[in-house]
Amino acid sequence: MSCLLNIETSTSVCSVALSMDGEVLFEKASFDGPSHAALLGVFVEEALSVLKMKGRKAPDAIAVSSGPGSYTGLRIGVSVAKGLCFGFGIPLIGIHTLDILAATAIEKNKPAGDCLYCAMLDARRMEVYAAIYDAFLTPVRPVSADIVEAGTYASFLEKGKVCFFGNGATKCKPVITSPNALFIEDVHPLAVNMIPLAEQAFAAGKFEDTAYFEPFYLKEFQATVAKNKVLRGLD
(Lines give C-alpha, C1' and ligand atoms only; values in the text may rest on other atoms or scores of the structure.)
Protein backbone atom coordinates (compact mmCIF):
# COMPACT_ATOMS: atom_id res chain seq x y z
CA MET A 1 0.00 0.00 0.00
CA SER A 2 1.31 3.46 -0.89
CA CYS A 3 0.45 6.51 1.19
CA LEU A 4 1.50 9.80 -0.35
CA LEU A 5 1.38 13.39 0.87
CA ASN A 6 1.02 15.77 -2.10
CA ILE A 7 2.00 19.46 -1.96
CA GLU A 8 1.23 22.07 -4.65
CA THR A 9 2.33 25.72 -4.29
CA SER A 10 3.44 26.75 -7.79
CA THR A 11 0.76 29.44 -8.27
CA SER A 12 -1.28 31.68 -5.96
CA VAL A 13 -3.26 28.57 -4.94
CA CYS A 14 -1.94 26.61 -1.94
CA SER A 15 -3.07 22.99 -1.71
CA VAL A 16 -2.31 19.70 0.06
CA ALA A 17 -3.75 16.22 -0.46
CA LEU A 18 -3.20 12.89 1.27
CA SER A 19 -3.81 9.67 -0.64
CA MET A 20 -3.76 5.95 0.08
CA ASP A 21 -3.41 3.75 -3.01
CA GLY A 22 -4.94 6.52 -5.10
CA GLU A 23 -7.86 7.12 -2.74
CA VAL A 24 -8.14 10.67 -1.39
CA LEU A 25 -8.01 10.71 2.41
CA PHE A 26 -7.64 14.46 2.80
CA GLU A 27 -7.54 17.52 0.56
CA LYS A 28 -7.50 21.22 1.21
CA ALA A 29 -6.87 24.23 -1.01
CA SER A 30 -6.88 27.98 -0.59
CA PHE A 31 -7.63 30.24 -3.59
CA ASP A 32 -7.32 33.44 -1.53
CA GLY A 33 -3.95 34.53 -2.89
CA PRO A 34 -0.29 33.87 -2.19
CA SER A 35 -0.43 32.96 1.52
CA HIS A 36 1.61 29.76 1.27
CA ALA A 37 3.97 30.57 4.13
CA ALA A 38 1.03 30.90 6.53
CA LEU A 39 -1.18 28.10 5.24
CA LEU A 40 1.01 25.27 4.00
CA GLY A 41 2.20 24.16 7.44
CA VAL A 42 -1.38 24.19 8.74
CA PHE A 43 -2.64 22.10 5.82
CA VAL A 44 0.21 19.59 6.22
CA GLU A 45 -0.45 19.27 9.94
CA GLU A 46 -4.14 18.59 9.26
CA ALA A 47 -3.24 15.95 6.68
CA LEU A 48 -0.83 14.22 9.08
CA SER A 49 -3.54 14.23 11.76
CA VAL A 50 -5.79 12.29 9.37
CA LEU A 51 -2.92 9.89 8.76
CA LYS A 52 -2.50 9.29 12.49
CA MET A 53 -6.20 8.48 12.78
CA LYS A 54 -5.58 5.81 10.15
CA GLY A 55 -2.96 4.27 12.44
CA ARG A 56 0.08 5.37 10.45
CA LYS A 57 2.97 7.49 11.68
CA ALA A 58 4.18 8.74 8.31
CA PRO A 59 3.43 8.67 4.58
CA ASP A 60 5.54 6.52 2.26
CA ALA A 61 6.71 9.53 0.23
CA ILE A 62 6.17 13.24 -0.28
CA ALA A 63 5.19 14.50 -3.75
CA VAL A 64 5.71 18.16 -4.56
CA SER A 65 5.04 20.30 -7.60
CA SER A 66 8.48 20.99 -9.03
CA GLY A 67 7.74 23.92 -11.35
CA PRO A 68 7.78 26.01 -13.34
CA GLY A 69 5.75 28.59 -11.47
CA SER A 70 6.02 31.23 -8.76
CA TYR A 71 9.58 31.47 -7.46
CA THR A 72 8.48 32.09 -3.87
CA GLY A 73 5.67 29.54 -3.98
CA LEU A 74 7.93 26.81 -5.31
CA ARG A 75 10.62 27.57 -2.73
CA ILE A 76 8.11 27.28 0.11
CA GLY A 77 6.59 24.04 -1.18
CA VAL A 78 9.90 22.33 -1.88
CA SER A 79 11.41 23.46 1.44
CA VAL A 80 8.49 21.99 3.40
CA ALA A 81 8.57 18.79 1.31
CA LYS A 82 12.30 18.35 1.90
CA GLY A 83 11.91 18.93 5.64
CA LEU A 84 9.23 16.24 5.83
CA CYS A 85 11.32 13.80 3.81
CA PHE A 86 14.36 14.27 6.04
CA GLY A 87 12.22 14.17 9.20
CA PHE A 88 10.40 10.97 8.30
CA GLY A 89 13.26 9.39 6.34
CA ILE A 90 11.11 8.94 3.23
CA PRO A 91 11.69 9.67 -0.49
CA LEU A 92 10.78 12.78 -2.45
CA ILE A 93 8.79 12.79 -5.69
CA GLY A 94 8.86 15.81 -8.02
CA ILE A 95 5.91 16.37 -10.38
CA HIS A 96 6.10 18.99 -13.13
CA THR A 97 3.48 21.70 -12.68
CA LEU A 98 2.44 21.70 -16.35
CA ASP A 99 1.96 17.90 -16.22
CA ILE A 100 -0.50 18.42 -13.36
CA LEU A 101 -2.36 21.08 -15.33
CA ALA A 102 -2.48 18.96 -18.48
CA ALA A 103 -3.66 15.82 -16.68
CA THR A 104 -6.47 17.86 -15.09
CA ALA A 105 -7.53 19.42 -18.39
CA ILE A 106 -7.46 16.09 -20.27
CA GLU A 107 -9.68 14.48 -17.63
CA LYS A 108 -12.05 17.46 -17.69
CA ASN A 109 -12.24 17.60 -21.49
CA LYS A 110 -12.70 13.89 -22.28
CA PRO A 111 -16.19 14.29 -23.83
CA ALA A 112 -14.85 16.88 -26.31
CA GLY A 113 -12.80 14.37 -28.28
CA ASP A 114 -9.21 14.36 -29.47
CA CYS A 115 -7.13 17.55 -29.51
CA LEU A 116 -3.81 18.89 -28.30
CA TYR A 117 -3.51 20.45 -24.85
CA CYS A 118 -1.47 23.57 -24.15
CA ALA A 119 -0.85 24.13 -20.43
CA MET A 120 -0.03 27.75 -19.60
CA LEU A 121 1.29 29.44 -16.48
CA ASP A 122 1.32 33.22 -16.26
CA ALA A 123 4.86 34.63 -16.45
CA ARG A 124 3.83 38.33 -16.46
CA ARG A 125 3.06 40.65 -19.36
CA MET A 126 2.36 38.53 -22.47
CA GLU A 127 4.78 35.78 -21.51
CA VAL A 128 3.76 32.30 -20.37
CA TYR A 129 5.44 29.07 -19.38
CA ALA A 130 3.82 26.56 -21.71
CA ALA A 131 4.02 22.95 -22.87
CA ILE A 132 1.88 21.03 -25.33
CA TYR A 133 0.61 17.48 -24.85
CA ASP A 134 -1.54 14.98 -26.71
CA ALA A 135 -4.65 13.39 -25.20
CA PHE A 136 -2.50 10.69 -23.54
CA LEU A 137 -0.35 13.24 -21.67
CA THR A 138 2.57 12.58 -24.01
CA PRO A 139 4.63 15.77 -24.54
CA VAL A 140 4.33 17.12 -28.10
CA ARG A 141 6.39 20.23 -27.40
CA PRO A 142 8.48 20.65 -24.25
CA VAL A 143 8.07 23.47 -21.79
CA SER A 144 9.37 26.88 -22.81
CA ALA A 145 8.86 30.55 -22.02
CA ASP A 146 6.65 31.88 -24.83
CA ILE A 147 5.88 35.45 -25.83
CA VAL A 148 2.26 35.08 -26.90
CA GLU A 149 1.37 36.70 -30.22
CA ALA A 150 -1.21 35.86 -32.85
CA GLY A 151 1.05 33.34 -34.59
CA THR A 152 2.83 31.81 -31.57
CA TYR A 153 0.99 28.47 -31.81
CA ALA A 154 -0.03 28.70 -35.48
CA SER A 155 1.86 25.55 -36.50
CA PHE A 156 -0.27 23.50 -34.11
CA LEU A 157 -3.57 25.30 -34.71
CA GLU A 158 -3.26 24.82 -38.47
CA LYS A 159 -3.33 21.06 -37.96
CA GLY A 160 -6.28 20.80 -35.59
CA LYS A 161 -7.87 21.87 -32.33
CA VAL A 162 -5.73 22.99 -29.40
CA CYS A 163 -7.10 23.44 -25.88
CA PHE A 164 -5.51 26.24 -23.86
CA PHE A 165 -5.82 26.36 -20.07
CA GLY A 166 -4.14 27.46 -16.86
CA ASN A 167 -3.74 30.92 -15.32
CA GLY A 168 -1.77 32.05 -18.37
CA ALA A 169 -4.49 31.22 -20.86
CA THR A 170 -6.96 33.95 -19.90
CA LYS A 171 -4.74 36.82 -21.04
CA CYS A 172 -3.97 34.96 -24.28
CA LYS A 173 -7.61 34.54 -25.26
CA PRO A 174 -7.94 37.90 -27.09
CA VAL A 175 -4.69 37.21 -29.00
CA ILE A 176 -5.19 33.58 -30.06
CA THR A 177 -8.23 33.91 -32.33
CA SER A 178 -7.96 30.77 -34.49
CA PRO A 179 -11.24 28.82 -34.78
CA ASN A 180 -9.25 25.78 -33.69
CA ALA A 181 -8.36 27.41 -30.37
CA LEU A 182 -10.44 26.22 -27.42
CA PHE A 183 -10.17 27.54 -23.87
CA ILE A 184 -10.90 25.45 -20.78
CA GLU A 185 -11.76 27.52 -17.73
CA ASP A 186 -10.94 26.90 -14.06
CA VAL A 187 -8.03 24.50 -14.49
CA HIS A 188 -5.62 24.86 -11.59
CA PRO A 189 -2.59 22.83 -10.52
CA LEU A 190 -3.97 21.26 -7.34
CA ALA A 191 -2.43 18.70 -4.99
CA VAL A 192 -5.43 16.39 -5.36
CA ASN A 193 -4.82 16.25 -9.13
CA MET A 194 -1.20 15.23 -8.53
CA ILE A 195 -2.23 11.92 -6.99
CA PRO A 196 -2.32 9.72 -10.14
CA LEU A 197 1.02 11.13 -11.35
CA ALA A 198 2.60 10.71 -7.92
CA GLU A 199 1.29 7.13 -7.68
CA GLN A 200 2.87 6.30 -11.03
CA ALA A 201 6.20 7.79 -9.97
CA PHE A 202 6.13 5.94 -6.65
CA ALA A 203 5.36 2.61 -8.33
CA ALA A 204 8.24 3.18 -10.76
CA GLY A 205 10.61 4.16 -7.96
CA LYS A 206 11.16 7.54 -9.58
CA PHE A 207 12.50 9.57 -6.67
CA GLU A 208 14.52 12.76 -6.41
CA ASP A 209 17.79 13.31 -4.61
CA THR A 210 16.28 15.09 -1.62
CA ALA A 211 19.46 16.89 -0.60
CA TYR A 212 20.15 18.41 -4.02
CA PHE A 213 16.66 18.72 -5.51
CA GLU A 214 15.75 22.23 -6.66
CA PRO A 215 12.55 23.54 -8.27
CA PHE A 216 12.50 24.02 -12.03
CA TYR A 217 12.12 27.79 -12.39
CA LEU A 218 12.69 27.90 -16.17
CA LYS A 219 13.85 31.50 -15.78
CA GLU A 220 16.17 33.00 -13.21
CA PHE A 221 14.53 34.94 -10.38
CA GLN A 222 14.81 38.70 -10.85
CA ALA A 223 14.62 40.81 -7.72
CA THR A 224 13.13 44.28 -8.01
CA VAL A 225 13.89 47.39 -5.98
CA ALA A 226 11.00 48.88 -4.02
CA LYS A 227 9.80 52.22 -5.37
CA ASN A 228 10.28 54.00 -2.05
CA LYS A 229 13.97 52.97 -2.04
CA VAL A 230 14.39 54.32 -5.56
CA LEU A 231 12.79 57.60 -4.58
CA ARG A 232 15.01 57.90 -1.49
CA GLY A 233 18.03 57.34 -3.73
CA LEU A 234 16.98 60.38 -5.82
CA ASP A 235 16.86 62.70 -2.81
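## Salt bridges in a predicted model

At 39% relative accessibility, Asp122 counts as partly exposed (buried means under 20% relative accessible area, exposed over 50%, and partly exposed in between, with a 1.4 Å probe and protein chains only). This is a predicted model, where local features need pLDDT of at least 70, side-chain atom pairs count only at pLDDT 80 or more, and totals for chains, interfaces and linings use all residues. Residues are numbered from 1 along each chain as its sequence is written, and side-chain values use heavy atoms, with hydrogens and water left out.

Side chains of opposite charge can pair when their charged atoms come close. A salt bridge here is a side-chain nitrogen of Lys or Arg within 4 Å of a carboxyl oxygen of Asp or Glu. By this rule the model has seven salt bridges, and the table shows some of them.

| Salt bridge | N to O distance |
|---|---|
| Glu214 and Arg75 | 2.7 Å |
| Glu107 and Lys110 | 3.2 Å |
| Asp122 and Lys171 | 2.4 Å |

Let's start with Asp122, whose side chain meets that of Lys171. Asp122 lies in strand S6 (residues 116-122) and Lys171 in the loop between strand S9 (162-165) and strand S10 (181-183), so this pair ties together parts that are 49 residues apart in sequence. Helices (H or I, at least four residues) and strands (E, at least two) are DSSP runs, numbered from the N terminus.

Next comes the salt bridge between Glu214 and Arg75. Because Glu214 sits in the loop between helix H5 (191-203) and helix H6 (227-233) and Arg75 in helix H2 (residues 71-88), the pair ties together parts that are 139 residues apart in sequence. Glu214 is partly exposed, with a relative accessible area of 44%, and Arg75 is partly exposed at 34%.

Are Glu107 and Lys110 buried or exposed? Both residues are exposed.
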